[in-house]
Amino acid sequence: LAQSVLEPLLVTPRGSLNLAGPWGGPLEEPFEDGVSFRVSNMTGEAVEFTISSDVAWLQFESGGGSLGPHGSMAIVASVIADCTAPLAVGEQVGVVSVDLGGGGPIVQRTIRWTVSEPLTVTPTDPIGFERTVGREVSPSSSTVTLTNASDAPVEWSASWMETTVPPTGVAWLTLDGSAASSGEVTSQGEAELVVTVDAAVAAALAPGEYAARLSVRDECTGASVERTVRFILRAPFRIDPAQDLLLEGPTGGPFPEDIQPFTIRNQTPEALTWSLSVCDGALGCPAGPAIAWLEVDPSGGELAPLSAADAPFEVATAALELPIGDHSVTLRFSEASSGYFVERRVTLSVQGLSVTPADPLHASGPRGGPFSPNGQSFTLRNPGLPELHWTATAAFPEGAAPWFDVQPSKGTLLDVGAEATVTIAFN
């Protein structure tokens, strides 16, 4: 506020004051020792005055004083804010009033304080952990440092916030061995948090990338600082191709011979011992009877670091006796030391003579006919045999006369995909 020299009191500095620094101090220059005002008596008579502020964080050494004619006095205001009365981060505004009392003029000065957050968290970059299934987590731990730039102690708390989608929880992370942590950083001091991956919980996770946010909260201001923590869990090996396999052939064979093998790839920098089990496709591994129609060789072995090997298999002669339909097995590739496994399903579709349509024939009509429909044609198709001989027979109740004819009643389909038509007619 502009002030005339004719007024009885002169308060300097004139105008508003701009402060900066964390709550609890220290303030940046030139206010590191507090805010100083000089009150001058511009009259030839002694005066008494009071000085006060409308905010709790400005406290004066004295609440006023007496000035002789043309005398002056320096009054220092301390800027105080601790955890019992913290300030929110941002601009805080207070007003200092110098009052002569008795209805005299009041001189005011505005104080603006840009309050900064005193608590900083390092490192600023995301924290990363890696692990291959069955191996140790690397690094074993990571240290987060909390630094207090304030002259006042800072109370803090730390907890986890989940970021992974779909959710998996954050139980795989610990702070100082627990799910959360809290404490106090002394004036201008530091505190450390130890972040670790709980190996027992991580053992239940599927290979992939997981993430969480570490939230460190200044309990005095309510401000929070977040750091991302990433955990990459790698599989020790990979099976190519990633898809299940479908094989087809006619009843009695032949079945495919040139079958693409599955390839096991060691993704670790160390040797890997693997095994292959063949299990019933419906019951899964390790239950189920032995499978005779599929042979694998080899059924295991050792892979050098970052190397690969094929796991070939073939349809055995026992498949020639399989009935028409789909027959499935599960191939389980395992690493015994870690318990990690990958499964692929192999389905053998045994196809027989195809007859369409598959729906039954329904006809109706009066005694002696006519009937509607009067018959129907069926299409026979060779699914894959080089030569297929077929017959069509009719079965009637015992003692009943045949009441429809089948023509023709037999034939041969010489080629794969060859078709024939069989007609049923009411007689």
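**Notes on a predicted model**

1. Start with Asp218. Its side chain makes a polar contact with the side chain of Thr221, at 3.3 Å. This is a predicted model, so treat each value below as computed from it.

2. Asp218 sits in strand β17, which covers residues 208-218.

3. Is Asp218 buried or exposed, and which side chain of opposite charge is nearest? Asp218 is buried, and it has no salt bridge. The nearest oppositely charged side chain is that of Arg217, 7.6 Å away.

4. Look next at what surrounds Asp218. With neighbours up to four places along the sequence set aside, its contacts are Trp23, Glu117, Pro118, Leu119, Val154, Glu155 and Ala223.

5. Now turn to a sheet. Four strands form an open sheet in the order β1-β3-β7-β5, with antiparallel pairing. β1 (9-12) and β5 (58-60) are the edge strands; each has a single partner, so one side of each lacks a neighbour in the sheet. From one strand to the next, the twist averages 30 degrees.

6. Inside that order, follow one pair. Strand β3 (residues 35-41) pairs with strand β7 (residues 72-79) in the antiparallel sense, over 6 bridges. Ser40 has Ser72 in β7 as its bridge partner.

7. Val47 belongs to strand β4, residues 47-53. Its relative accessibility is 15%, so Val47 counts as buried, the cut-off being under 20%. Beyond neighbours within four places in sequence, Val47 is in contact with Leu9, Asn41, Gly65, Ser66, Leu67 and Leu100. Val47 and Gly71 are 24 residues apart along the chain, and their C-alpha atoms are 9.3 Å apart.

8. Check the backbone too. Most residues other than glycine have a negative phi, and most peptide bonds are trans. His70 has a positive phi, near 60 degrees. His70 lies in the loop between β6 (64-67) and β7, and at 59% relative accessibility it counts as exposed.

9. Leu306 also deserves a look. Its phi is positive, about 55 degrees, although Leu306 is not a glycine. Leu306 is in the loop between β24 (300-303) and β25 (308-311). With a relative accessible area of 62%, Leu306 is exposed.

10. Pro357 lies in the loop between β29 (354-356) and β30 (375-381), and Pro370 lies in the loop between β29 and β30.

Definitions and conventions: Residues are numbered from 1 along each chain as its sequence is written. This is a predicted model: local features need pLDDT of at least 70, side-chain atom pairs count only at pLDDT 80 or more; totals for chains, interfaces and linings use all residues. Side-chain values use heavy atoms; hydrogens and water are left out. Helices (H or I, at least four residues) and strands (E, at least two) are DSSP runs, numbered from the N terminus. Buried means under 20% relative accessible area, exposed over 50%, partly exposed in between (1.4 Å probe, protein chains only). Contact means heavy atoms within 4.5 Å. Lys and Arg count as positive and Asp and Glu as negative; His and the chain ends are not counted. A salt bridge is a side-chain nitrogen of Lys or Arg within 4 Å of a carboxyl oxygen of Asp or Glu. A polar contact is a pair of N or O atoms within 3.5 Å; within protein, one must be able to donate a hydrogen and the other to accept it, and residues adjacent in sequence count only if both atoms are side-chain atoms. Two strands pair if DSSP finds at least two bridges between them. Axes are lines fitted to C-alpha atoms, for helices over the stretch in contact, and angles run from 0 to 180 degrees between N-to-C directions.
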